[in-house]
2 protein chains.
Amino acid sequence: MSTVLLLVSMSLDGYVAGPNVAADEPMGEGGERLHEWMFADPSPTDVELMARTRAATGAVVIGRRTFDVGLRHWGDVPYPAPSFVVTHEQRPELAQESGTFTFVDGVPSAIDQARAAAGDRTVVLMGADLARQALRAGLVDEVFINLVPVTLGGGASLFAGLDVHLAPAEVISSPAVTHLRYRVVR
Amino acid sequence: MSTVLLLVSMSLDGYVAGPNVAADEPMGEGGERLHEWMFADPSPTDVELMARTRAATGAVVIGRRTFDVGLRHWGDVPYPAPSFVVTHEQRPELAQESGTFTFVDGVPSAIDQARAAAGDRTVVLMGADLARQALRAGLVDEVFINLVPVTLGGGASLFAGLDVHLAPAEVISSPAVTHLRYRVVR
């Protein structure tokens with residue numbers, strides 16, 4: 001049975017994107033600081049963690065906006081696994097080097113299909129809107145937060161309006177970021 | 001030279017008190033959940049950490065509201081050390097079993113007096129308003145967050161309107177809460 005893992009980078013003030021998201025600033029003002037730990041000279045701890053996540057991922061569910069923004073950056077599926085994009089639009093599958101994007105209407109259906117594809121491995125959820133919909137629907141087993149020690153002062157709050165109960169499961173600290181894995185308590 | 005340490009319990013959505021703070025609900029709605037890890041059967045890790053903090057504390061600076069709310073709960077100074085309460089009101093010193101409350105006008109002056117009293121030991125700051133004033137004034141050396149895995153959905157945001165740069169210094173995880181110590185980057 002696969003685990004559905006919500007994987008996000010979040011600021012200390014609880015934002016997963018900065019204010020004023022725009023086409024040329026898809027992470028909002030200052031929001032790209034949430035991802036610097038991955039790209040700008042990542043520490044051995046972070047490199048190992050990213051490799052571990054990659055190896056454990058059996059399928060991915062991606063919010064539509066994250067897909068639109070991420071595709072040119074990834075140049076492929078984000079993880080080498082079947083990838084399900086949530087959108088109302090009907091689109092044919094889109095094959096990439098390491099997997100295929102399948103376009104699915106509705107979060108529950110996308111997660112169901114991803115579970116079936118993942119087997120025993122992890123289903124990774126990517127995208128703030130998707131994350132909130134999946135949390136609200138009780139479809140998330142674990143939340144993995146890369147807690148970045150910056151403040152954004154506004155933007156997309158991961159937890160706004162949600163009443164989520166989490167239990168700490170694992171903490172991995174690196175010089176740049178603290179990785180917090182929680183189980184969702186139902 | 002003493003270290004000025006801001007010590008707070010914070011929800012995953014960045015709040016240090018819940019919404020609608022009132023006299024009979026001083027932590028706001030749901031806000032008391034931020035402190036349950038200390039009182040309701042704390043884990044050995046948390047007990048040891050609290051003892052370590054207590055031993056390292058050379059002086060305390062307390063916001064006025066935190067003092068008003070906390071006094072009957074502590075029944076003493078909050079830590080066995082000289083304690084400086086920030087208030088415009090002129091009041092005589094108030095001796096307690098393990099230390100004395102001194103009432104000081106202004107955050108910088110209170111922190112100065114606390115530094116002088118602490119010697120080489122830590123100056124602990126307590127209180128959300130005080131925390132924000134001290135962070136804004138650049139008077140904080142370290143931020144120690146007890147990150148509690150609950151969401152409050154609103155209330156007093158520790159970092160709202162502040163642009164704070166922190167560097168991870170230490171992480172201590174217990175079954176109930178994750179303790180994050182950061183250095184303030186100036």
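**Before you start**

Residues are numbered from 1 along each chain as its sequence is written, and chains are lettered from A in the order in which they are written. Because the model is predicted, local features need pLDDT of at least 70 and side-chain atom pairs count only at pLDDT 80 or more, while totals for chains, interfaces and linings use all residues.

**Stop 1: the two chains together**

Show both chains. Turn chain B by 180°, with a shift of 0.0 Å along the axis, and it can be laid on chain A with an RMSD of 0.0 Å. That is the relation of a two-fold axis. The superposition is by least squares on the C-alpha atoms of residues with pLDDT of at least 70 in both copies.

Now select G14(B). Of the residues of chain B, G14(B) comes closest to the rotation axis, with its C-alpha at 2.8 Å.

**Stop 2: where the chains touch**

Two residues are in contact if their C-beta atoms, placed from the backbone, lie within 7 Å. By that rule, 24 residues of chain B are in contact with 24 residues of chain A. Select β10 (166-173) and β11 (178-184) of chain B: these are the elements that give two or more residues to the side that touches chain A. β10(B) gives the largest share, 5 residues. Helices (H or I, at least four residues) and strands (E, at least two) are DSSP runs, numbered from the N terminus.

Colour this side of chain B by class: 14 residues are nonpolar, 8 polar and 2 charged. Here Ala, Val, Leu, Ile, Met, Phe, Trp, Tyr, Cys and Pro count as nonpolar, Asp, Glu, Lys and Arg as charged, and the others, Gly among them, as polar.

**Stop 3: helix α4 of chain A**

Select residues 107-118 of chain A. This is helix α4, with 12 residues; at 1.5 Å a residue it should span 16 Å, and its end C-alpha atoms are 16 Å apart, which agrees. The expected span is 1.5 Å times one less than the number of residues.

Next, pick out V107(A), A110(A), I111(A), A114(A), A117(A) and A118(A), the buried residues of α4(A). They cover an arc of only 125° around the axis, so they sit on the same side of α4(A). The arc is that of the directions from the helix axis to the C-beta atoms. A residue is buried if 20 or more other C-beta atoms lie within 10 Å of its own, exposed if 12 or fewer, and partly exposed in between, with C-beta atoms placed from the backbone.

Then step past the helix to G119(A), whose phi is positive, near 60°.

**Stop 4: the core, from V60(B)**

The largest nonpolar core has 114 residues. Such a core is a set of buried Ala, Val, Leu, Ile, Met, Phe, Trp, Tyr and Cys residues joined through C-beta atoms within 7 Å. V60(A), V61(A), L125(A), V60(B), V61(B) and L125(B) touch the most other members.

Centre on V60(B). Beyond four places in sequence, its contacts include V77(B), Y79(B), F84(B), A114(B) and M126(B).

**Stop 5: M10(B)**

M10(B) is found in strand β1 (residues 4-11) of chain B. With 25 C-beta neighbours inside 10 Å, M10(B) counts as buried. Leaving aside neighbours within four places in sequence, its contacts include Y15(B), V16(B), I145(B), L147(B) and L158(B).

**Stop 6**

Select S174(A), in the loop between β10 (166-173) and β11 (178-184) of chain A. S174(A) is partly exposed, with 19 other C-beta atoms within 10 Å. Not counting residues up to four places away, S174(A) touches S43(A), T45(A) and D46(A). S174(A) and T45(A) are 129 residues apart along the chain, yet their C-alpha atoms are separated by 5.9 Å.

Go to N20(A), in the loop between β2 (15-17) and α1 (36-39) of chain A. N20(A) is not a glycine, but has a positive phi of about 60°. With 12 C-beta neighbours inside 10 Å, N20(A) counts as exposed.

Finish at D41(A), in the loop between α1 and α2 (44-56) of chain A. Its phi is positive too, near 55°, in a residue other than glycine. D41(A) is exposed, with 8 other C-beta atoms within 10 Å.
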